[in-house]
Amino acid sequence: MDTLPPLATPPATAAAQPLRLAPLLEDRDAPLPLLVTPKAPGTVWRDVFTDIERVVAQVLPTVGGVVFRGLDIQGDAPFRAFVEAFGRPLLDYDFGSTPRSMVERGVYTSTEYPAHQSIPLHNEQSYTLQWPGTIWFHCVTASETGGATPIADSRAIYRALDPDVRRRFAERRLMYVRNYGNGLDLPWQRAFNTDDPAAVERFCRANAIEWEWKEDGELRTRQTCQAVARHPATGEMVWFNQAHLFHVSGLPHAVRDTLLAVVEDEMDLPRHVFHGDGAPIAEADLAHIRSVLDAHAVSFPWQAGDVMMLDNMLAAHGRAPFTGARKVVVAMADPIRASELAAAAR
């Protein structure tokens with residue numbers, strides 16, 4: 001696949017097409033992710049951006065993710081210029097669940113967890129009722145070892161899950177509970193990007209989030225969300241939630257035991273998840289889900305200058321532990337609301 005697919009507009013000859021497409025991982029049947037590279041060394045992305053847009057329009061809805069390499073993109077500001085060239089307003093990281101820092105307008109660090117920790121596969125902000133449809137990652141500095149951003153096809157995950165587990169989650173939905181601050185989770189000020197409690201309440205009201213200010217002045221929120229979703233463009237069903245991340249069973253045993261010894265009620269854990277009716281989720285179901293996610297993960301080593309573009313509903317992502325300096329930055333666009341998907345399905 002080293003030429004562009006047939007185009008709806010009059011195509012250039014194959015020889016004139018400046019980009020090469022090929023599976024990045026040669027030993028896999030599935031094409032995720034596709035690698036896009038210039039045929040001529042020294043090509044600058046601006047000079048071939050029309051072709052880049054054409055590739056994205058044609059392959060992202062089917063493959064789910066592409067990696068651009070060798071196109072002279074290196075650093076925070078060049079990355080922002082590249083993603084802004086798509087003409088889609090970049091999103092802020094509101095109601096975030098992990099620590100990040102803004103490095104450029106619309107560009108954030110990837111999750112700032114310690115280097116020895118892994119981050120399981122997930123779709124960005126699938127624990128909410130609004131999420132980015134598109135997410136980009138840019139490797140500014142590749143780590144000495146490890147540090148990959150594993151990805152997986154959310155459609156394949158949906159199909160591989162036990163039908164009874166899938167049905168149970170889809171019908172009952174999920175209720176995410178978060179308790180902010182107290183040195184255990186993000187302060188609410190950082191999660192909501194404001195110091196104003198009234199602004200938090202306005203955001204919660206607008207996004208169907210229940211909230212309460214506890215006696216110690218900290219915040220608790222609850223939100224009931226989807227476990228599966230139908231892609232708005234392709235119509236395909238995807239596994240789309242973060243139950244396996246939020247559930248206390250996902251923590252190391254020592255951390256889990258310590259937290260459960262501190263709190264009187266599981267509702268007081270920094271973050272937790274239940275079925276939408278408030279009933280507990282069977283840990284066997286979550287173990288099965290984690291095993292399916294692990295079986296579908298694919299990884300590749302970052303190279304400095306790489307940009308990976310994912311359809312956030314079709315492809316999940318994570319992070320592997322690493323050593324040495326590592327800098328991967330992120331941008332998001334194309335907001336999707338669960339209410340709009342539900343209205344379109346009627």
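## Salt bridges

In this predicted model, the count of salt bridges comes to 15. One of them joins the side chains of Lys 327 and Asp 76, with a distance of 2.8 Å from N to O. This pair links distant parts of the chain, since Lys 327 belongs to strand S19 (residues 327-337) and Asp 76 to helix H2, 251 residues apart. The two partners are placed in the following way: Lys 327 counts as partly exposed at 29% relative accessibility, while Asp 76 counts as buried at 16%.

A further salt bridge is formed by the side chains of Glu 236 and Arg 155, at 3.2 Å from N to O. Here too, distant parts of the chain are linked: Glu 236 is in the loop between strand S13 (228-230) and strand S14 (237-239), Arg 155 is in helix H3 (residues 154-160), and 81 residues separate them. Is Arg 155 buried or exposed? With a relative accessibility of 5%, Arg 155 is buried, because the limit for that class is under 20%. Glu 236, at 28%, is partly exposed.

## A network of charged residues

Arg 222 and Glu 212 also form a salt bridge, their closest N and O atoms being 3.4 Å apart. Arg 222 is part of strand S12 (residues 219-225) and Glu 212 is part of strand S11 (residues 210-213), so the pair ties together parts that lie 10 residues apart in sequence. Both are partly exposed: Arg 222 has a relative accessible area of 22%, and Glu 212 has one of 28%. Through salt bridges that share partners, Glu 212, Arg 220, Arg 222 and Asp 268 are joined into one network.

## Domains

The domain assignment divides the protein chain into domain 1 (30-155 + 298-336) and domain 2 (158-291). How far apart do the C-alpha centres of domain 1 and domain 2 lie? The distance between these centres is 24 Å. The contact between the domains takes 30 residues from domain 1 and 37 residues from domain 2.

## Nonpolar cores

The largest nonpolar core has 84 residues, of which Ile 52, Phe 68, Phe 79, Phe 82, Trp 136 and Phe 169 touch the most other members. At least three residues of this core come from each of domain 1 and domain 2. Apart from its neighbours within four places in sequence, Phe 169 is in contact with Leu 174, Ala 227, Trp 239, Ala 243, His 275, Ile 281, Asp 285, Leu 286 and Ile 289.

There is also a second, separate core, made up of nine residues; among them are Tyr 180, Trp 188, Ala 191 and Leu 219.

## Aromatic rings

The structure contains 17 aromatic pairs. One of these is the tilted pair of Tyr 93 and Tyr 108, with 6.2 Å from centre to centre and 55° between the planes. Tyr 93 is in the loop between helix H2 (76-84) and strand S4 (102-104), and Tyr 108 is in strand S5 (residues 107-109), so the pair ties together parts that are 15 residues apart in sequence. Tyr 93 and Tyr 108 are both buried. Elsewhere, one aromatic cluster is formed by Trp 45, Phe 49, Phe 68, Phe 82, Phe 86 and Trp 136.

Two arginine residues are placed over aromatic rings. Arg 271 lies over the face of Phe 246, 5.3 Å from the ring centre, and Arg 326 lies over the face of Phe 322, 5.5 Å from the ring centre.

## Backbone features

Most residues other than glycine have a negative phi, and most peptide bonds are trans. Against this background, Leu 32 and Pro 33 are joined by a cis peptide bond, with omega about -10°. Pro 33 is in the loop between strand S1 (19-23) and strand S2 (34-38).

Asp 72, which is not a glycine, has a positive phi near 60°. Asp 72 is in the loop between strand S3 (65-68) and H2, and it counts as exposed at 52% relative accessibility. Gln 125, also not a glycine, has a positive phi of about 55°. Gln 125 is in the loop between strand S6 (119-122) and strand S7 (130-141); its relative accessible area is 7%, and it is buried.

Conventions:
Residues are numbered from 1 along each chain as its sequence is written. This is a predicted model: local features need pLDDT of at least 70, side-chain atom pairs count only at pLDDT 80 or more; totals for chains, interfaces and linings use all residues. Side-chain values use heavy atoms; hydrogens and water are left out. Rings of Phe, Tyr and Trp (its six-membered ring) pair if their centres lie within 6.5 Å; planes under 30 degrees apart count as stacked, over 60 as edge-to-face and the rest as tilted. Helices (H or I, at least four residues) and strands (E, at least two) are DSSP runs, numbered from the N terminus. Buried means under 20% relative accessible area, exposed over 50%, partly exposed in between (1.4 Å probe, protein chains only). A charge sits over a ring if NZ of Lys or CZ of Arg is within 6 Å of the ring centre and within 35 degrees of the ring normal. A nonpolar core is a set of buried Ala, Val, Leu, Ile, Met, Phe, Trp, Tyr and Cys residues joined through side-chain atoms within 4.5 Å. Domain bounds come from an automatic or database domain assignment. Contact means heavy atoms within 4.5 Å. A salt bridge is a side-chain nitrogen of Lys or Arg within 4 Å of a carboxyl oxygen of Asp or Glu.
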